[in-house]
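Work through the exercises below with the sequence and the 3D structure at hand. Try each task before reading its solution.

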Amino acid sequence: MKGNVYELQLEDWVQEAKALLNQGEVASYIPALQKVPANCIGISFVDIEGRTIHAGAECQTFTLQSISKVVALALALLDQGEEYVFSKVGMEPTGDPFHSIIKLETSKPSIPLNPMINAGALAVTSMIKGNSADSKINRIKSFIHQILGDDTVDVNEGVAQSEFETAFLNRSLLYFMKQGKVIDGDVEMILDTYTKQCSLEVNIDQLALLGAFFANGGKTIPSGKQLLSEHYAQICKTFMVTCGMYDASGEFAIKVGIPAKSGVSGAIMGSVKGVGGIGVYSPRLNKKGNSVIGLYLMEKLSKRLDLSIF
Ligand code: DON
(Lines give C-alpha, C1' and ligand atoms only; values in the text may rest on other atoms or scores of the structure.)
Protein backbone atom coordinates (compact mmCIF):
# COMPACT_ATOMS: atom_id res chain seq x y z
CA MET A 1 0.00 0.00 0.00
CA LYS A 2 1.27 3.47 -0.89
CA GLY A 3 0.08 6.50 1.07
CA ASN A 4 -2.00 6.76 4.22
CA VAL A 5 -5.62 5.63 3.96
CA TYR A 6 -6.52 7.62 7.09
CA GLU A 7 -5.64 10.86 5.31
CA LEU A 8 -8.12 10.24 2.49
CA GLN A 9 -11.09 12.57 2.24
CA LEU A 10 -13.66 9.80 1.81
CA GLU A 11 -16.57 12.19 2.41
CA ASP A 12 -15.46 14.07 -0.73
CA TRP A 13 -15.33 10.77 -2.65
CA VAL A 14 -18.92 10.02 -1.65
CA GLN A 15 -19.99 13.50 -2.79
CA GLU A 16 -18.22 13.04 -6.14
CA ALA A 17 -19.79 9.61 -6.62
CA LYS A 18 -23.28 11.17 -6.46
CA ALA A 19 -22.74 12.26 -10.08
CA LEU A 20 -23.14 8.57 -11.01
CA LEU A 21 -26.49 8.10 -9.30
CA ASN A 22 -28.20 8.42 -12.69
CA GLN A 23 -26.58 5.16 -13.84
CA GLY A 24 -27.69 1.57 -13.22
CA GLU A 25 -30.81 -0.04 -11.78
CA VAL A 26 -31.66 -1.40 -8.35
CA ALA A 27 -32.14 -5.21 -8.49
CA SER A 28 -35.81 -5.95 -9.04
CA TYR A 29 -35.96 -9.74 -9.39
CA ILE A 30 -36.03 -9.96 -5.58
CA PRO A 31 -39.06 -7.71 -4.98
CA ALA A 32 -38.00 -6.54 -1.48
CA LEU A 33 -34.68 -5.20 -2.78
CA GLN A 34 -36.52 -2.63 -4.87
CA LYS A 35 -37.72 -0.93 -1.70
CA VAL A 36 -34.25 0.02 -0.40
CA PRO A 37 -33.13 3.69 -0.56
CA ALA A 38 -31.58 3.74 -4.03
CA ASN A 39 -29.33 6.75 -3.54
CA CYS A 40 -27.40 5.48 -0.55
CA ILE A 41 -23.58 5.44 -0.88
CA GLY A 42 -21.04 4.13 1.63
CA ILE A 43 -17.37 3.23 1.88
CA SER A 44 -15.37 1.76 4.74
CA PHE A 45 -11.82 0.55 5.19
CA VAL A 46 -10.76 -1.54 8.22
CA ASP A 47 -7.09 -2.41 8.61
CA ILE A 48 -5.88 -5.63 10.19
CA GLU A 49 -5.29 -3.75 13.46
CA GLY A 50 -9.01 -2.94 13.48
CA ARG A 51 -8.68 0.79 12.72
CA THR A 52 -11.57 2.05 10.60
CA ILE A 53 -12.21 4.97 8.27
CA HIS A 54 -15.58 5.37 6.60
CA ALA A 55 -17.92 7.80 4.90
CA GLY A 56 -21.54 7.85 3.83
CA ALA A 57 -23.98 4.90 4.17
CA GLU A 58 -26.57 6.89 6.10
CA CYS A 59 -29.02 4.11 5.20
CA GLN A 60 -27.03 1.99 7.69
CA THR A 61 -27.73 -1.64 6.77
CA PHE A 62 -28.07 -3.78 3.65
CA THR A 63 -28.13 -7.49 2.87
CA LEU A 64 -24.99 -9.45 1.96
CA GLN A 65 -26.58 -11.34 -0.96
CA SER A 66 -23.81 -13.09 -2.91
CA ILE A 67 -21.09 -11.86 -0.55
CA SER A 68 -22.47 -14.48 1.85
CA LYS A 69 -21.19 -17.13 -0.60
CA VAL A 70 -17.62 -16.48 0.57
CA VAL A 71 -18.59 -17.01 4.21
CA ALA A 72 -20.62 -20.13 3.38
CA LEU A 73 -17.67 -21.54 1.43
CA ALA A 74 -15.35 -20.96 4.40
CA LEU A 75 -17.78 -22.76 6.72
CA ALA A 76 -18.36 -25.65 4.29
CA LEU A 77 -14.60 -26.13 4.02
CA LEU A 78 -14.39 -26.28 7.82
CA ASP A 79 -17.38 -28.64 8.01
CA GLN A 80 -16.56 -31.05 5.17
CA GLY A 81 -12.93 -30.50 4.19
CA GLU A 82 -11.48 -29.41 0.88
CA GLU A 83 -11.56 -32.78 -0.84
CA TYR A 84 -15.28 -33.29 -0.32
CA VAL A 85 -16.25 -29.71 -1.21
CA PHE A 86 -14.32 -29.82 -4.48
CA SER A 87 -15.69 -33.21 -5.40
CA LYS A 88 -19.06 -31.45 -5.76
CA VAL A 89 -18.08 -27.96 -6.95
CA GLY A 90 -15.39 -26.94 -9.42
CA MET A 91 -12.71 -24.26 -9.35
CA GLU A 92 -13.12 -22.58 -12.73
CA PRO A 93 -14.70 -19.26 -13.73
CA THR A 94 -17.69 -19.52 -16.06
CA GLY A 95 -17.79 -16.25 -17.99
CA ASP A 96 -21.57 -16.53 -17.63
CA PRO A 97 -24.01 -14.49 -15.51
CA PHE A 98 -24.30 -15.55 -11.86
CA HIS A 99 -27.63 -17.36 -12.20
CA SER A 100 -26.89 -19.12 -15.49
CA ILE A 101 -27.92 -22.77 -15.72
CA ILE A 102 -26.28 -23.60 -19.06
CA LYS A 103 -22.91 -24.95 -17.90
CA LEU A 104 -24.56 -27.31 -15.43
CA GLU A 105 -25.67 -29.34 -18.40
CA THR A 106 -22.75 -28.83 -20.76
CA SER A 107 -19.89 -29.37 -18.24
CA LYS A 108 -18.61 -32.88 -17.73
CA PRO A 109 -18.77 -33.96 -14.94
CA SER A 110 -22.07 -32.14 -14.43
CA ILE A 111 -21.09 -30.17 -11.33
CA PRO A 112 -21.27 -26.38 -10.87
CA LEU A 113 -18.07 -24.76 -12.11
CA ASN A 114 -17.33 -22.72 -8.97
CA PRO A 115 -18.78 -21.79 -5.55
CA MET A 116 -19.51 -18.14 -6.44
CA ILE A 117 -22.16 -18.71 -9.13
CA ASN A 118 -25.59 -19.52 -7.73
CA ALA A 119 -25.48 -23.23 -8.60
CA GLY A 120 -22.15 -23.69 -6.81
CA ALA A 121 -23.21 -21.57 -3.86
CA LEU A 122 -26.42 -23.57 -3.42
CA ALA A 123 -24.38 -26.78 -3.43
CA VAL A 124 -21.99 -25.26 -0.85
CA THR A 125 -24.89 -24.23 1.40
CA SER A 126 -26.21 -27.81 1.25
CA MET A 127 -22.86 -28.97 2.71
CA ILE A 128 -23.05 -26.83 5.85
CA LYS A 129 -23.73 -29.03 8.86
CA GLY A 130 -27.24 -29.01 10.33
CA ASN A 131 -30.40 -30.96 9.69
CA SER A 132 -32.75 -28.01 9.29
CA ALA A 133 -32.64 -24.54 7.76
CA ASP A 134 -32.67 -23.09 11.27
CA SER A 135 -29.70 -25.10 12.47
CA LYS A 136 -27.70 -24.34 9.32
CA ILE A 137 -28.44 -20.61 9.32
CA ASN A 138 -27.70 -20.40 13.04
CA ARG A 139 -24.25 -21.87 12.38
CA ILE A 140 -23.63 -19.37 9.57
CA LYS A 141 -24.75 -16.53 11.83
CA SER A 142 -22.61 -17.69 14.71
CA PHE A 143 -19.60 -17.98 12.38
CA ILE A 144 -20.12 -14.36 11.26
CA HIS A 145 -20.63 -13.25 14.87
CA GLN A 146 -17.28 -14.80 15.79
CA ILE A 147 -15.55 -13.23 12.79
CA LEU A 148 -16.90 -9.77 13.63
CA GLY A 149 -16.84 -10.09 17.42
CA ASP A 150 -20.39 -8.81 17.22
CA ASP A 151 -23.62 -10.77 17.55
CA THR A 152 -25.95 -8.14 16.11
CA VAL A 153 -25.85 -9.48 12.54
CA ASP A 154 -29.17 -11.14 11.71
CA VAL A 155 -31.38 -12.19 8.82
CA ASN A 156 -33.67 -9.59 7.23
CA GLU A 157 -36.70 -11.89 7.20
CA GLY A 158 -38.64 -9.69 4.75
CA VAL A 159 -35.89 -9.88 2.11
CA ALA A 160 -35.39 -13.62 2.73
CA GLN A 161 -39.10 -14.33 2.36
CA SER A 162 -39.35 -12.19 -0.76
CA GLU A 163 -36.49 -14.10 -2.41
CA PHE A 164 -37.76 -17.50 -1.23
CA GLU A 165 -41.17 -16.86 -2.81
CA THR A 166 -39.70 -15.85 -6.18
CA ALA A 167 -36.54 -18.01 -6.48
CA PHE A 168 -37.77 -20.18 -9.33
CA LEU A 169 -34.44 -20.24 -11.13
CA ASN A 170 -32.53 -21.18 -7.96
CA ARG A 171 -35.10 -23.95 -7.36
CA SER A 172 -34.42 -25.19 -10.89
CA LEU A 173 -30.68 -25.23 -10.26
CA LEU A 174 -31.24 -27.22 -7.06
CA TYR A 175 -33.51 -29.78 -8.73
CA PHE A 176 -31.06 -30.15 -11.59
CA MET A 177 -28.24 -30.81 -9.12
CA LYS A 178 -30.38 -33.17 -7.07
CA GLN A 179 -31.03 -35.24 -10.18
CA GLY A 180 -27.26 -35.31 -10.84
CA LYS A 181 -26.51 -36.24 -7.19
CA VAL A 182 -24.46 -33.08 -6.62
CA ILE A 183 -26.73 -32.36 -3.67
CA ASP A 184 -28.85 -34.52 -1.47
CA GLY A 185 -31.32 -33.31 1.11
CA ASP A 186 -34.50 -31.34 0.78
CA VAL A 187 -34.50 -28.67 -1.95
CA GLU A 188 -36.82 -26.29 -0.08
CA MET A 189 -34.73 -26.58 3.07
CA ILE A 190 -31.52 -25.75 1.20
CA LEU A 191 -33.22 -22.84 -0.57
CA ASP A 192 -34.60 -21.58 2.75
CA THR A 193 -31.07 -21.62 4.24
CA TYR A 194 -29.58 -19.99 1.15
CA THR A 195 -32.11 -17.15 0.93
CA LYS A 196 -31.61 -16.45 4.66
CA GLN A 197 -27.82 -16.50 4.27
CA CYS A 198 -28.12 -14.00 1.40
CA SER A 199 -30.40 -11.83 3.57
CA LEU A 200 -27.96 -11.44 6.46
CA GLU A 201 -27.81 -7.73 7.12
CA VAL A 202 -24.66 -5.74 7.84
CA ASN A 203 -23.51 -2.14 7.90
CA ILE A 204 -20.60 -0.80 5.88
CA ASP A 205 -18.03 -1.22 8.69
CA GLN A 206 -19.11 -4.81 9.35
CA LEU A 207 -18.68 -5.52 5.64
CA ALA A 208 -15.15 -4.08 5.65
CA LEU A 209 -14.33 -6.05 8.83
CA LEU A 210 -15.48 -9.24 7.13
CA GLY A 211 -13.13 -8.43 4.26
CA ALA A 212 -10.34 -7.76 6.75
CA PHE A 213 -10.84 -11.25 8.26
CA PHE A 214 -9.97 -12.86 4.91
CA ALA A 215 -7.16 -10.32 4.35
CA ASN A 216 -5.80 -11.35 7.76
CA GLY A 217 -5.51 -14.99 6.67
CA GLY A 218 -8.57 -16.24 8.56
CA LYS A 219 -7.63 -14.69 11.91
CA THR A 220 -10.38 -12.55 13.42
CA ILE A 221 -9.50 -8.90 13.88
CA PRO A 222 -11.26 -8.33 17.24
CA SER A 223 -10.06 -11.47 19.06
CA GLY A 224 -7.01 -12.55 17.04
CA LYS A 225 -8.43 -16.09 16.88
CA GLN A 226 -7.42 -18.27 13.89
CA LEU A 227 -10.98 -19.26 12.95
CA LEU A 228 -10.13 -20.42 9.44
CA SER A 229 -6.79 -21.79 8.26
CA GLU A 230 -4.66 -19.52 6.09
CA HIS A 231 -5.02 -22.08 3.34
CA TYR A 232 -8.84 -21.94 3.41
CA ALA A 233 -8.73 -18.13 3.58
CA GLN A 234 -6.50 -18.22 0.51
CA ILE A 235 -8.97 -20.46 -1.33
CA CYS A 236 -11.76 -17.98 -0.57
CA LYS A 237 -9.71 -15.00 -1.77
CA THR A 238 -8.64 -16.82 -4.92
CA PHE A 239 -12.28 -17.42 -5.87
CA MET A 240 -12.92 -13.74 -5.17
CA VAL A 241 -10.27 -12.90 -7.80
CA THR A 242 -11.34 -15.40 -10.44
CA CYS A 243 -15.14 -15.42 -9.96
CA GLY A 244 -16.08 -12.79 -7.34
CA MET A 245 -17.43 -10.28 -9.84
CA TYR A 246 -18.89 -12.98 -12.12
CA ASP A 247 -18.50 -12.29 -15.83
CA ALA A 248 -16.88 -8.96 -14.98
CA SER A 249 -14.06 -10.56 -12.94
CA GLY A 250 -11.45 -10.06 -15.68
CA GLU A 251 -12.18 -6.37 -16.14
CA PHE A 252 -12.27 -5.86 -12.36
CA ALA A 253 -8.89 -7.60 -12.00
CA ILE A 254 -7.39 -5.20 -14.54
CA LYS A 255 -9.00 -2.02 -13.22
CA VAL A 256 -8.97 -2.73 -9.47
CA GLY A 257 -6.88 -5.86 -8.83
CA ILE A 258 -8.26 -6.59 -5.34
CA PRO A 259 -9.88 -9.93 -4.37
CA ALA A 260 -13.53 -8.89 -4.10
CA LYS A 261 -17.08 -10.20 -3.97
CA SER A 262 -20.19 -8.37 -5.05
CA GLY A 263 -23.84 -8.82 -4.13
CA VAL A 264 -27.02 -7.73 -5.90
CA SER A 265 -27.87 -5.54 -2.91
CA GLY A 266 -25.16 -3.24 -4.30
CA ALA A 267 -22.42 -4.14 -1.83
CA ILE A 268 -18.85 -5.15 -2.66
CA MET A 269 -16.39 -6.59 -0.14
CA GLY A 270 -12.64 -6.41 -0.81
CA SER A 271 -9.71 -8.10 0.94
CA VAL A 272 -6.16 -6.82 0.62
CA LYS A 273 -3.82 -9.46 2.03
CA GLY A 274 -1.99 -8.32 5.15
CA VAL A 275 -3.48 -4.82 4.82
CA GLY A 276 -7.21 -4.71 5.45
CA GLY A 277 -10.78 -5.05 4.26
CA ILE A 278 -12.93 -2.75 2.16
CA GLY A 279 -16.69 -2.35 2.07
CA VAL A 280 -18.48 -0.25 -0.54
CA TYR A 281 -22.20 0.04 -1.03
CA SER A 282 -24.66 1.65 -3.39
CA PRO A 283 -27.73 -0.22 -4.70
CA ARG A 284 -27.77 0.74 -8.39
CA LEU A 285 -26.25 -2.08 -10.44
CA ASN A 286 -24.77 -2.31 -13.90
CA LYS A 287 -25.88 -4.96 -16.41
CA LYS A 288 -23.62 -7.59 -14.84
CA GLY A 289 -25.13 -7.17 -11.38
CA ASN A 290 -22.31 -5.13 -9.81
CA SER A 291 -22.78 -1.78 -8.06
CA VAL A 292 -21.94 1.13 -10.38
CA ILE A 293 -20.76 3.41 -7.59
CA GLY A 294 -19.23 0.52 -5.65
CA LEU A 295 -17.00 -0.18 -8.66
CA TYR A 296 -16.12 3.50 -8.97
CA LEU A 297 -15.10 3.73 -5.30
CA MET A 298 -13.15 0.46 -5.39
CA GLU A 299 -11.21 1.55 -8.44
CA LYS A 300 -10.47 4.95 -6.96
CA LEU A 301 -9.26 3.45 -3.66
CA SER A 302 -7.14 0.83 -5.40
CA LYS A 303 -5.45 3.39 -7.69
CA ARG A 304 -4.95 5.96 -4.94
CA LEU A 305 -3.29 3.47 -2.55
CA ASP A 306 -1.77 1.19 -5.19
CA LEU A 307 -3.65 -1.84 -3.84
CA SER A 308 -3.67 -4.05 -6.93
CA ILE A 309 -2.16 -7.45 -6.19
CA PHE A 310 -0.89 -7.71 -9.75
O1 DON B 1 -29.40 -16.00 -5.46
C2 DON B 1 -29.59 -14.84 -5.75
O3 DON B 1 -30.00 -14.55 -6.87
C4 DON B 1 -29.29 -13.74 -4.75
N5 DON B 1 -29.69 -14.10 -3.44
C6 DON B 1 -27.84 -13.40 -4.74
C7 DON B 1 -27.31 -13.04 -6.10
C8 DON B 1 -26.21 -12.06 -6.08
O9 DON B 1 -26.00 -11.32 -5.14
C10 DON B 1 -25.45 -11.95 -7.33
N11 DON B 1 -24.43 -10.92 -7.19
N12 DON B 1 -24.10 -9.99 -7.80
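A residue is called exposed when its relative accessible area is over 50%, buried when that area is under 20%, and partly exposed in between. The model used here is predicted.

**Exercise 1.** Decide whether K181 is buried or exposed, and describe its backbone.

Solution. Step 1: locate the residue. K181 sits in the loop between α8 and α9 (187-198).
Step 1: apply the cut-off. K181 has a relative accessible area of 65%, so K181 is exposed.
Step 2: check the backbone angle. Phi of K181 is near 65 degrees, which is a positive value in a residue other than glycine.

**Exercise 2.** Classify T94 and find what its side chain reaches.

Solution. Step 1: T94 lies in the loop between α3 (82-88) and α4 (102-106).
Step 1: T94 counts as buried because its relative accessibility is 17%.
Step 2: at 2.9 Å, the side chain of T94 reaches the backbone nitrogen of D96.

**Exercise 3.** Classify L169 and name the surface patch to which L169 contributes.

Solution. Step 1: L169 is placed in helix α8 (residues 168-179).
Step 1: L169 has 39% relative accessibility, so L169 counts as partly exposed.
Step 2: together with I101 and F176, L169 makes a nonpolar surface patch of about 220 Å².

**Exercise 4.** Find the cis peptide bond that involves P109.

Solution. Step 1: P109 is in the loop between α4 and α5 (118-127).
Step 1: the bond joining K108 and P109 is cis, with omega about 0 degrees.

**Exercise 5.** Describe the surroundings of the ligand.

Solution. Step 1: list the neighbours. The ligand is surrounded by 14 residues, and the closest are Y29, Q65, S66, E163 and Y194.
Step 1: sort the shell by type. Six of its residues are nonpolar, seven are polar and one is charged.
Step 2: A polar side-chain atom of S66 is 2.6 Å from an oxygen atom of the ligand. For an N or O atom in the side chain of N118, the distance to a ligand oxygen atom is 3.1 Å. A polar backbone atom of V264 lies 2.8 Å from an oxygen atom of the ligand.
Step 3: consider the cover. On its own the ligand has 340 Å² of accessible area, and the protein covers 99% of this.

Key: Residues numbered from 1 in each chain as written. Predicted model: local features only at pLDDT ≥ 70, side-chain atom pairs only at ≥ 80, totals over all residues. Heavy atoms only, no water. Near = heavy atom within 4 Å. Polar contact = N/O pair within 3.5 Å; in protein donor to acceptor, adjacent residues only side chain to side chain. Areas by Shrake-Rupley, 256 points an atom, 1.4 Å probe, with all protein chains shown as cover. Nonpolar A, V, L, I, M, F, W, Y, C, P; charged D, E, K, R; others polar. Patch = residues over 30% accessible without salt bridge, like charges linked within 9 Å, V, L, I, M, F, W, Y side chains within 5 Å. Salt bridge = Lys/Arg side-chain N within 4 Å of Asp/Glu carboxyl O. Helix = DSSP H or I, 4+ residues; strand = E, 2+ residues; numbered from the N terminus. Buried < 20%, exposed > 50% of the residue type's maximum accessible area, 1.4 Å probe, protein only.
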